[in-house]
Amino acid sequence: MTTTVGIRKQAGKTPITMLTAYDTLTAGLIDDAGIDILLVGDSMGTEALGYDSTLPVTVAEVKSRTAAVARGADSALVVADMPFLSIGVDSAETVRNAGSMLKEAGADAVKLESGPHTVEITKRLTQLGIPVMAHLGLTPQHINRLGGYTRQGTTEAAADEILSLARAHEEAGAFSLVLEHVPATLAREVTAALEIPTIGIGAGPDCDGQVLVSSDVFGLSESQPPFAEAFGEVAAEMTAAVDAYTTAVTERTFPAAEHSHTETDLTDRTATPEETNTDSSSDTDST
Ligand code: KIV
């Protein structure tokens with residue numbers, strides 16, 4: 001079983017592997033392949049739920065998907081991503097929402113899209129026994145403030161702010177930090193400055209681990225960010241399977257004899273009365 005303590009210990013040693021998952025079947029496949037962390041990302045909004053962004057994703061949706069992923073995971077750490085406005089509005093509600101991911105859904109930790117406002121939240125949740133993965137750089141829940149899914153930390157001031165927030169979140173108790181779409185040089189600097197592991201996405205090769213959205217990795221996405229890569233061609237495989245199935249059904253080659261069963265004791269109910277009853281004198285009229 002992967003634990004947050006184990007993940008912390010991987011810093012500077014074994015690269016941490018993390019992928020998103022939103023359902024039991026996919027979580028089981030990824031877990032069996034030996035991934036360290038399954039992130040139930042709010043990217044489920046665009047990847048699984050058909051929203052235009054992550055903003056509409058609700059606590060109930062993340063909770064339900066986290067429970068599904070936890071049921072499919074034997075060994076990976078399951079991290080639930082706290083959706084837009086589920087933390088930070090009210091402190092009691094923040095604790096309840098984050099706590100419910102562990103208490104009701106079976107997550108091992110939560111991820112918070114971070115900023116100055118999440119330092120105290122990270123401290124409080126950690127004190128209460130809710131491990132926190134911080135997330136700096138491009139934080140898609142702030143897309144309306146950032147003006148798009150743009151590179152972050154590209155000025156001296158912005159890079160300084162990310163480094164100082166990274167330190168503040170480590171001090172507040174975060175067990176790891178996601179760095180998204182920041183210069184590789186900045187990610188290297190942050191990684192060197194922290195004891196907790198950094199997990200990069202579009203942050204160069206020097207983080208302690210890497211994370212990608214699984215539909216990008218599988219080759220399921222129609223378009224993907226410049227820092228992602230398809231490591232498979234699952235969309236093409238799925239299309240081929242659906243085409244083959246459709247052809248088999250329309251050509252009546254599926255189902256074949258091995259997919260069907262007959263009961264020898266059961267009369268052939270599709271047979272005509274003449275076929276089932278050759279003795280016409282036994283016919284009765286109940287009326
Ligand atoms: O929601 C998500 O999938 C994420 C990762 C891209 C880090 O936050």
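L85 sits in the loop between β3 (77-81) and α5, where helices (H or I, at least four residues) and strands (E, at least two) are DSSP runs numbered from the N terminus. Although L85 is not a glycine, its phi is positive, about 65°. L85 is exposed, with a relative accessible area of 54%; here buried means under 20% relative accessible area, exposed over 50%, and partly exposed in between, with a 1.4 Å probe and protein chains only. The model is a predicted one, in which local features need pLDDT of at least 70 and side-chain atom pairs count only at pLDDT 80 or more, while totals for chains, interfaces and linings use all residues. Residues are numbered from 1 along each chain as its sequence is written, and side-chain values use heavy atoms, with hydrogens and water left out.

A second example of a positive phi is R252, at about 60°, and R252 is not a glycine either. This residue belongs to the loop between α11 and α12, and R252 counts as exposed at 74% relative accessibility. That loop also holds P255, which is joined to F254 by a cis peptide bond with omega of about -5°. Further along, D265 lies in the loop between α11 (234-250) and α12 (273-276) as well. With 78% relative accessibility, D265 is classed as exposed. The C-alpha atom of D265 is separated by 36 Å from that of V242, and the two residues are 23 residues apart along the chain.

On the scale of the whole chain, the domain assignment gives domain 1 (4-212) and domain 2 (239-286), with bounds that come from an automatic or database domain assignment. The centres of domain 1 and domain 2, taken over C-alpha atoms, are separated by 54 Å.

Turning to helix α6 (residues 118-127), the buried residues are T118, V119, I121, T122 and L125. They lie on the same side of α6 because they cover an arc of only 165° around the axis, the arc being that of the directions from the helix axis to the C-beta atoms. In an α-helix there are 3.6 residues a turn, so residues three or four places apart point the same way. E120 and Q127, on the other side of α6, are exposed. The packing partners of the buried α6 residues are α5 (91-103), β4 (109-113), β5 (132-137) and α8 (156-172), with contact meaning heavy atoms within 4.5 Å. After α6 comes G129, with a positive phi near 95°.

S53 is found in the loop between α3 (44-47) and α4 (59-72), and S53 is buried, at a relative accessible area of 15%. A polar atom of the S53 side chain is 3.1 Å from the backbone nitrogen of L55. Leaving aside residues up to four places away in sequence, S53 touches G45, T46 and Y149.

Finally, the ligand is surrounded by T20, L39, G41, D42, S43, D81, K111, H135, I201 and V213, where a residue is near a molecule or strand if one of its heavy atoms lies within 4 Å of it. An N or O atom in the side chain of S43 lies 2.6 Å from an oxygen atom of the ligand. For the side chain of D81, the corresponding distance from an N or O atom to an oxygen atom of the ligand is 3.1 Å. K111 places a polar side-chain atom 3.0 Å from an oxygen atom of the ligand. Of the 260 Å² of accessible area that the ligand has on its own, the protein covers 95%; accessible areas come from the Shrake-Rupley method with a 1.4 Å probe, and for residues only the protein chains shown count as cover.

Methods: A polar contact is a pair of N or O atoms within 3.5 Å; within protein, one must be able to donate a hydrogen and the other to accept it, and residues adjacent in sequence count only if both atoms are side-chain atoms.
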